[in-house]
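Dear colleague,

I am passing on to you the structure shown below.

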Amino acid sequence: MTSGETLPGKERFVQDQRSSRLKKRAQFLAVAAKARKAPTPGLVLQVVSRNDGEPGRVGFTVTKKVGNAVVRNRAKRRLREAVRSVESDVSLNGLDLVVIGRIGTGDRPFSELIADLRRALKKTGALS
């Protein structure tokens, strides 16, 4: 068996159409410099259009002001799930989004967090 072949039943992982992530500081700074910003009670959304039709990229950040690592990670998990649920209804292709958690993100009811995200997408023009 050569290195390019796979075992029967062990197909290579194929990434689906979900958005990829912004991970590097320079990517976050590039979005922040050009972004349309939309603050809501549960989050702040920054959006930049790339106009390339590629799947959207999303970055998540929560500052230490929000709480300790456990609190910040919980807030990021909730934000990731909110984006995932909105993403199933809305196309984020060609967009870079930075979602910033706020102090109330961890305790905010999930339905309100989703409503905040939808409202922010409308404010920035990413959702028509």
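**Findings**

Of the 128 residues in the chain, 38% count as buried. Please note that this is a predicted model. The accessible surface of the chain amounts to about 8,000 Å², and 51% of this belongs to carbon and sulfur atoms.

The chain contains three helices and five strands, which follow the pattern β-α-β-β-β-α-β-α along the sequence. Among contacts between residues at least 6 apart in sequence, 78% join residues at least 24 apart.

Helix 2 (residues 69-87) packs with helix 3 (residues 110-124) at an angle of about 65°, and their axes lie 10 Å apart. Their crossing is right-handed. Helix 2 contributes Arg-78, Leu-79, Glu-81, Ala-82, Val-83, Ser-85 and Val-86 to the contact, while helix 3 contributes Phe-110, Leu-113, Ile-114, Leu-117, Arg-118 and Leu-121. These residues comprise nine nonpolar, one polar and three charged.

I would also draw your attention to Thr-105, located in the loop between strand 5 (95-101) and helix 3. Is Thr-105 buried or exposed? Its relative accessible area is 0%, so Thr-105 is buried, the limit being under 20%. Leaving aside residues up to four places away in sequence, Thr-105 touches Gly-42, Ala-75, Arg-78, Leu-79 and Leu-113. Of these, Arg-78 and Leu-79 of helix 2 and Leu-113 of helix 3 also take part in the contact between the two helices.

With kind regards

Terms used. Residues numbered from 1 in each chain as written. Predicted model: local features only at pLDDT ≥ 70, side-chain atom pairs only at ≥ 80, totals over all residues. Heavy atoms only, no water. Axes fitted to C-alpha atoms, helices over the stretch in contact; angles between N-to-C directions. Helix = DSSP H or I, 4+ residues; strand = E, 2+ residues; numbered from the N terminus. Left-handed = near helix turned anticlockwise from the far one by under 90°. Contact = heavy atoms within 4.5 Å. Nonpolar A, V, L, I, M, F, W, Y, C, P; charged D, E, K, R; others polar. Buried < 20%, exposed > 50% of the residue type's maximum accessible area, 1.4 Å probe, protein only. Areas by Shrake-Rupley, 256 points an atom, 1.4 Å probe, with all protein chains shown as cover.
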